[in-house]
Amino acid sequence: MALLLFSCGQNSQSENAQSKRANLDSLKSVVQGFDNKAMSAERGQISQQEIKGVVQACLTLGDSLKDNNEKVKYFVKAGNIAGSARMANEVKRSFESALSLENDPAKLALIHFQFGFISDEFLKQFDVAQREYEIIISDFATSEWADDAQLAMSQLGKSDEQILRELKEKNATIIQK
């Protein structure tokens with residue numbers, strides 16, 4: 001009798017594992033389908049609902065997968081997609097999750113830069129962007145992203161017109177010398 005109950009329990013666990021794997025595969029298909037559509041779509045052809053769905057799929061994959069590299073990949077993807085759709089809460093959750101899992105300094109610097117850029121460019125959260133750029137400049141000073149972070153800090157919160165005017169003024173000064 002005990003053997004029969006034990007074998008039924010094992011069978012149930014196996015079915016749960018298979019169901020979870022099928023669900024994860026389904027979520028990966030959603031993300032891949034979105035990537036394919038995004039590559040060929042014109043801006044505005046992807047609905048906000050589709051974007052929310054793929055962001056949620058990426059977050060669920062990031063929460064559910066075992067491999068940290070894959071988790072980070074999906075969290076960063078969720079953050080980037082959510083950023084372009086101006087989904088501030090999802091951006092924050094995605095990038096903070098990715099940063100908590102990543103250990104490689106070069107990848108950390110890139111993730112901080114992406115978080116800062118999206119916070120600046122899409123969300124207009126200049127305080128968050130400044131914090132992320134400052135982290136790169138102080139903690140990853142030798143990173144390839146440090147100079148970009150320094151430049152982004154100098155342009156933080158400025159319109160394209162303001163930046164262009166400053167560049168023209170700077171070029172005029174250089175030419176005069």
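Aspartate 35 is partly exposed, at a relative accessible area of 21%; the class lies between buried, under 20% relative accessible area, and exposed, over 50% (1.4 Å probe, protein chains only). The model is predicted, so local features need pLDDT of at least 70 and side-chain atom pairs pLDDT 80 or more, while totals for chains, interfaces and linings use all residues. Residues are numbered from 1 along each chain as its sequence is written, and side-chain values use heavy atoms, with hydrogens and water left out.

Aspartate 35 sits in helix 1 (residues 2–40); helices are DSSP runs of H or I, at least four residues, numbered from the N terminus. From aspartate 35 to valine 54 the C-alpha distance is 9.5 Å, with a sequence separation of 19 residues.

Serine 97 belongs to helix 4 (residues 88–101). Its relative accessibility is 17%, so serine 97 counts as buried. The serine 97 side chain reaches the backbone oxygen of arginine 93 at 2.8 Å.

The second largest pocket has a volume of about 260 Å³. Its lining has 14 residues, and those closest to the centre are Asp120, Glu121, Gln155, Lys158 and Ile163. A pocket here is an open set of points on a 1 Å grid over the protein atoms alone, where a 1.4 Å probe fits, with protein on both sides within 12 Å along at least five of seven lines; lining residues have an atom within 4 Å of a point. The volume is the space filled by probe spheres set on the points, which are joined across faces, edges and corners.

Helix 5 (105–121), helix 6 (126–139) and helix 8 (160–176) each supply at least two lining residues. Helix 5 gives the largest share, four residues.

Definitions and conventions. Polar contact = N/O pair within 3.5 Å; in protein donor to acceptor, adjacent residues only side chain to side chain.
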